[in-house]
Amino acid sequence: MEGEPTLRLRIFDLNCWAIRYLSKRRQERVRLIGDTLHREGFDLVLLQEVWSEQDYSDLKVKLAGCYPFSHYFRSGVIGSGLCVFSRFPILDTLLYQYSLNGYPYMVSGMGGTWCPSPQSLGVSMGVTAPLLSLSLQLHAEYCRDKDAYLPHRLVQAWELAQFIRHTSKAADVVLLGGDLNMHPEDVGIRLLRGWTGLRDAFAEATHFEGCKNGCTLVPDNCFTDKSELLPFLPGVRIDYILYKAISSFTVKCEELKTTTGSAPGMDIPFSDHEAVMATLHIQRQGQPASATLGTADLTLADVVTEARTEVGVGLRAAQRQRYSSGRMAVLALLLLLLQAVAALGTLAGLGAEQPFPKLSFCLLAFLALGVLVLATGLHLFHTMEVKMLHGTEDQMLMALRALQERP
């Protein structure tokens with residue numbers, strides 16, 4: 001309705017790359033991030049990869065005056081790495097952990113994506129209207145040509161889309177920010193945006209300032225591996241701020257900015273990722289907006305079909321891994337049984353002298369036991385993976401049928 005005041009909401013999103021003992025110049029960068037946030041006075045700050053609770057506590061103390069409301073999401077052994085700072089009251093919080101988070105035996109380099117760490121958080125805030133804000137991180141890609149994690153990342157994108165659809169009904173505005181680890185044209189991003197109706201702040205912004213094409217991993221950053229970015233010059237965009245209005249509100253992106261390498265007056269950047277800063281205008285309109293999906297049904301059906309195909313490829317690979325690990329466990333168990341029979345026969349005096357030295361016999365038994373435990377663990381892991389991939393494939397098939405049956 002005309003005359004309604006407009007809320008100007010400034011958002012800051014950053015993957016901080018603050019891994020204790022591993023990330024370069026971590027404490028110095030965390031202090032720099034805190035100083036910048038205190039000086040700029042954003043309305044909402046979404047941070048990922050703040051793995052040290054001490055770093056969060058230091059930021060909380062420094063920012064208490066300008067961000068009186070904050071929350072750190074604790075999860076698992078080392079936490080989720082996700083935290084939020086807000087100028088507005090935080091009414092409610094929720095932490096959702098994805099069902100698939102990569103492979104524990106394929107932790108790549110210092111990224112350490114399997115913790116399991118990729119999670120999303122929901123924050124309900126009281127502004128001028130109920131605002132559902134989400135900060136998240138999806139599984140990293142590592143190798144684009146042979147992306148073993150693609151099915152897992154698609155499952156995460158699907159679960160995130162379903163999470164948003166089922167939790168945003170009581171909100172008037174949905175805001176999502178974080179490191180999605182996907183390029184704008186990837187099927188996971190198209191699935192997430194199409195299924196939820198979220199808008200990309202970079203594509204919608206009236207004014208943009210920052211790295212070319214909105215890239216958030218750039219070779220000019222001293223902490224990035226320049227060799228990995230050579231095929232993607234001038235960089236890649238994997239950090240996003242997405243939004244949509246529900247009910248009787250409209251949201252427009254007035255401005256989007258990214259940092260460009262080193263922080264002003266410093267010789268280091270905030271992180272290996274560039275920060276994303278958006279200015280949104282939120283206003284109430286006269287009539288409630290009709291609930292629609294973000295993409296035309298036919299196009300969305302193609303996206304869901306493509307995603308389901310990739311999940312199916314991952315499902316078949318997981319079934320092969322489950323079979324291989326199960327067969328290894330059975331062979332290790334048979335070896336242990338043969339050793340047990342031989343040892344019992346020797347003790348009972350039913351057989352000849354022990355053909356192997358006792359030390360070698362014991363070492364072989366311990367090796368077989370270790371293989372049995374490892375193979376059993378992998379078999380259980382891949383069994384759960386198969387169930388999750390199969391379940392997601394079924395959900396996508398159901399969604400696809402519903403799209404195709406629409407008039």
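Author: Buried means under 20% relative accessible area, exposed means over 50%, and partly exposed lies in between, using a 1.4 Å probe and protein chains only. The model is predicted, so local features need pLDDT of at least 70 and side-chain atom pairs count only at pLDDT 80 or more, while totals for chains, interfaces and linings use all residues. Residues are numbered from 1 along each chain as its sequence is written, and side-chain values use heavy atoms, with hydrogens and water left out.

Reader: What share of the residues in the chain is buried?

Author: The chain has 8 helices and 13 strands; these are DSSP runs numbered from the N terminus, helices being H or I of at least four residues and strands E of at least two. The chain counts 407 residues, and the buried share of them is 49%.

Reader: Is G261 buried or exposed?

Author: G261 sits in the loop between β12 (249–258) and β13 (276–284). Leaving out residues up to four places away in sequence, G261 touches P269 and E274, where contact means heavy atoms within 4.5 Å. The relative accessible area of G261 is 5%, so G261 is buried.

Reader: How far apart in space are G261 and H273?

Author: Along the sequence, G261 and H273 are 12 residues apart. From C-alpha to C-alpha, the distance between G261 and H273 is 8.8 Å.

Reader: How many disulfides does the structure hold?

Author: A disulfide is a covalent bond between the sulfur atoms of two cysteines. Here a pair of cysteine sulfur atoms must lie within 2.5 Å. The number of disulfides in the structure is 0.

Reader: Which cysteine has the sulfur nearest to that of C215?

Author: C215 is buried, with a relative accessible area of 3%. C215 is in no disulfide, and at 6.8 Å the nearest cysteine sulfur is that of C211.

Reader: How far apart are the end C-alpha atoms of residues 358–381?

Author: An unreviewed UniProt entry lists residues 329–352 and 358–381 under "transmembrane region"; UniProt positions follow the numbering used here, feature names are shortened, and annotations may be inferred rather than shown by experiment. Residues 358–381 are 100% helix and 0% strand. The end C-alpha atoms of this span are separated by 35 Å.
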